[in-house]
Amino acid sequence: MNKTVEDRGGRVASPVEEIDTGSVHRAAVSGVGLALSGGGYRAMLFHLGALWRLNEAGYLPRLDRISSVSGGSITAGVLGARWSALRFERGVAQAFEDEVAAPIRRMAGETVDVPAVLLGLLGPGSISDRMTDSYRKHLFGSATLQDLPDRPRFVINATNVQSEVLWRFMKPYMRDYRVGEVKAPRTPLATAVAASAAFPPFLSPVRLRFDARDFTPGSGLDLQREPYTRDVVLTDGGVYDNLGLETVWKRYKTILVSDGGGKTEPEGRPKSDWARHTYRAINLIQNQVLSLRKRTLIGAFISGARAGAYWGITSDITHFGLANALPCPVDKTAKLANVPTRLKALEPALQERIINWGYAACDAALRKHVEPGLAAPAGFPYPGSGVG
């Protein structure tokens, strides 16, 4: 799969591909990175719950980088766009619920994927144009990458279909190590999130058009030439890395991973039309790759290659071994993990259960693996909903 990380017990596989991207950072440094996975509205809300707990624990301003893909990029984008309005006091954002939770929950009450597909097929404009319009309308307005904070560094990841590697949207630059970088981009935040969440085959691709002179001379490894520098074709960041892990793993020694990716279930009568059959096949491929990456990630934590924690929507909270973990029966959380990977409106009660589960899973992982002395929470963000 990739190169390995050395430890005293032998060779431990790395969960990301250790290739030379031309970065000046040759080894991980002290710092904390947070990775937010894909998974549609389900992941968006699960990560919201995780951020809620991280905020209460005073971790948001301690983060050096937040890397996201797909549904995770919706949550990260809102957090980044509203960062300056969060009103931090003693490390805790006082306006988190109003500035982050409220707009995300409003978005979760809107179905945007099917209307975008239908209107995009009918024209004018593409499906990705319609998705960008939805993100602009409901979440980001006229905000661009330049409206993100300098710290933590937000990295919104898409996959470049042409070069087969990550395209990273950031405030200082957007970059594909093979094609090159564009400094200080004023790309709309809605466009970056639409590219990161352009799940194939329905919502993909997103096209960015450039003048070759937009790119920093000599910044690309081997593809800094037309057509790669004129018409960039992007798809969902999860196609390359559904945990959003690569851009934090290579940079920092402490890694927190929130995984809202669901579990692919058996299907006795799979659909045979091209669209739904392709969708099913893509899910199967991604599930296998993701399972391998998660096993490798956990192995790297156990080996000491990195510090940190992983929590997932498919986790069993009892496996964290905390006597005072929030009550999350696995039969109920499994139902939340099976919410379809869609951008389809979810009922308020279901939203609250998914948020609560992300909060509880993050809490258990933090107190078990990162900060054992952290005080247990008093209860769920939405105590009347539990997890089901």
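These are my notes on salt bridges in this structure.

**Entry 1. The model.** I am working from a predicted model. I searched the whole structure for salt bridges and got 18. Side chains of opposite charge can pair when their charged atoms come close. I then looked up some of the pairs one by one.

**Entry 2. Asp 222 and Arg 178.** I found these two joined by a salt bridge, with 2.8 Å between the closest N and O atoms. Both ends sit in loops: Asp 222 between β11 (206-209) and β12 (231-236), Arg 178 between β9 (173-176) and β10 (180-183). The pair is 44 residues apart and links distant parts of the chain. Asp 222 is partly exposed, at 37% relative accessible area. Arg 178 has 19%, so it counts as buried, the cut-off being under 20%.

**Entry 3. Lys 294 and Asp 259.** Here the closest N and O atoms of the salt bridge are 3.7 Å apart. Lys 294 belongs to helix α9 (residues 274-303) and Asp 259 to strand β13 (residues 252-259), so the bridge ties together parts 35 residues apart in sequence. I noted Lys 294 as buried, with 19% relative accessibility. Asp 259 is buried too, at 1% relative accessible area.

**Entry 4. Arg 367 and Asp 363.** I looked within helix α11 (residues 348-370), where both residues lie. They are 4 residues apart, about one turn of the helix.

**Entry 5. A network.** Which residues are linked with Asp 363 and Arg 367 in a network of salt bridges? I found Arg 53 and Glu 56.

Conventions: Residues are numbered from 1 along each chain as its sequence is written. This is a predicted model: local features need pLDDT of at least 70, side-chain atom pairs count only at pLDDT 80 or more; totals for chains, interfaces and linings use all residues. Side-chain values use heavy atoms; hydrogens and water are left out. A salt bridge is a side-chain nitrogen of Lys or Arg within 4 Å of a carboxyl oxygen of Asp or Glu. Helices (H or I, at least four residues) and strands (E, at least two) are DSSP runs, numbered from the N terminus. Buried means under 20% relative accessible area, exposed over 50%, partly exposed in between (1.4 Å probe, protein chains only).
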